[in-house]
Amino acid sequence: MTATAALDPRPSIARARRAVAQLFRREGLATPELDARLLVAHALGLDHAALASQAARTLTAAEVDAIAALAARRRAREPVARIIGVKEFWGLDFKLNAATLVPRPETETVVEAALDVVDRSHGRGRALRVADLGTGSGALLLALLSELPLARGFGTDLSPEALGCARDNAVALGLAARASFLACDFGSALEGPFDIVVSNPPYVAHDDIASLAPEVRVFDPRLALDGGPDGLDAYRTITMTARKLLSPESVLVLELGQLGAIERLLPAAGLVAIGGPRHDLLGIARALVVKLLP
Ligand SMILES: C[S@@+](CC[C@H](N)C(=O)[O-])C[C@H]1O[C@@H](n2cnc3c(N)ncnc32)[C@H](O)[C@@H]1O
């Protein structure tokens, strides 16, 4: 059944929402109601409150077509965030493009771990230097700058399109004066020391990409996913260059990845993990704080 056929010719907003949700449920999508609400709201240009207050309003034929077009894209497994072009991360809206990963909620664990380190030294009011290696939409760097009013930072990426998106996000969030973006291989063009280095690098083993959900496999950029034959290529590069980016007081916070394998890379790079990994809301080891070996 097509998305248009599933909708009455002139349904109310509430009815259209229910029909789209039902379509998504039949497709086995994980969050059919939420997806339907977000896409109907986006098609109509309404926020959450307006969607509720206008629930009984009858849609025009053009509005039905607009909803059906977005529903068809979601049925083809395009993620909602890509369809609407924006994803919330750390309470901030991040614009996306085809070259940026959709920031994941679990990546907020990296922000939490970095802020914990800052708070332990009462550093929120200090002029900290922050680096985000593989910045994508700028999510990690800009989330940190939003919490650290005197901090400045660099985001790096190999993708000029991703860097353009990150720059736009910095402007939209009022953080552009403190955020710089540059094209290079992780930290290769940066001059340390930084107080905090964060990275959520590509970490899917090459052969595992084929078995990812289509939302990720088809729509996330390959450069953001592919961690090489064993998923560790980026960690090898980042840990081997960490020495020039860190001082004895500073930290590198890595999103994981494979905990044990990454821990085994640390000694050869002159690094040591501080404490155990930090877990995300699903209880998965998600972030590791690392520093220079004394
Ligand atoms: C998993 S994504 C993370 C994006 C963003 N930091 C986030 O958490 O949403 C990895 C990012 O690293 C970038 N990347 C891949 N290889 C890179 C390299 N050699 N040097 C710099 N960035 C790289 C990708 O383009 C992508 O933006």
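Which atom of the ligand is 3.4 Å from a polar backbone atom of Cys 184? I looked this up first, and it is a nitrogen atom. I keep in mind that this is a predicted model.

**Entry: the ligand**

I then asked how much of the ligand the protein buries. Taken alone, the ligand exposes 590 Å², and the protein buries 96% of that. I went on to other backbone atoms beside the ligand. For Thr 135, I found a backbone N or O atom 3.4 Å from a ligand nitrogen. Leu 158 also places a backbone N or O atom 3.4 Å from a nitrogen atom of the ligand.

Next I listed the surroundings. There are 16 residues around the ligand, and those that come nearest are Gly 134, Asp 157, Asp 185, Phe 186 and Asn 200. Sorted by class, the shell holds nine nonpolar, five polar and two charged residues.

**Entry: the nonpolar cores**

Which residues have the most contacts inside the largest nonpolar core? I noted Leu 142, Leu 144, Leu 148, Phe 181, Ile 196, Val 198 and Val 253, in a core of 33 residues. Several elements supply at least two residues each to this core, including helix H7 (108-120), helix H8 (139-147), strand S6 (194-199) and strand S7 (246-255). A reminder to myself: in soluble globular proteins, nonpolar side chains tend to be buried together.

Beyond its neighbours within four places in sequence, Val 198 is in contact with Val 110, Ala 114, Ala 131, Asp 132, Leu 133, Leu 140, Leu 144 and Val 253.

Is Ser 12 buried or exposed? I count Ser 12 as buried because its relative accessible area is 18%, and the cut-off for buried is under 20%. Ser 12 sits in the loop between helix H1 (3-6) and helix H2 (13-26). Its side chain reaches the backbone nitrogen of Arg 15 at 3.1 Å. Not counting residues up to four places away in sequence, Ser 12 touches Ala 55, Ala 56, Arg 57, Thr 58 and Leu 59.

I turned to Ser 159, in the loop between strand S4 (152-157) and H9. Where does Ser 159 make contacts, leaving aside neighbours within four places in sequence? I found Ala 99 and Leu 223. Ser 159 and Leu 223 are 64 residues apart along the chain, and their C-alpha atoms are separated by 8.3 Å.

Notes. Residues are numbered from 1 along each chain as its sequence is written. This is a predicted model: local features need pLDDT of at least 70, side-chain atom pairs count only at pLDDT 80 or more; totals for chains, interfaces and linings use all residues. Side-chain values use heavy atoms; hydrogens and water are left out. A residue is near a molecule or strand if one of its heavy atoms lies within 4 Å of it. A polar contact is a pair of N or O atoms within 3.5 Å; within protein, one must be able to donate a hydrogen and the other to accept it, and residues adjacent in sequence count only if both atoms are side-chain atoms. Accessible areas come from the Shrake-Rupley method with a 1.4 Å probe; for residues, only the protein chains shown count as cover. Ala, Val, Leu, Ile, Met, Phe, Trp, Tyr, Cys and Pro count as nonpolar, Asp, Glu, Lys and Arg as charged, and the others, Gly among them, as polar. A nonpolar core is a set of buried Ala, Val, Leu, Ile, Met, Phe, Trp, Tyr and Cys residues joined through side-chain atoms within 4.5 Å. Buried means under 20% relative accessible area, exposed over 50%, partly exposed in between (1.4 Å probe, protein chains only). Helices (H or I, at least four residues) and strands (E, at least two) are DSSP runs, numbered from the N terminus. Contact means heavy atoms within 4.5 Å.
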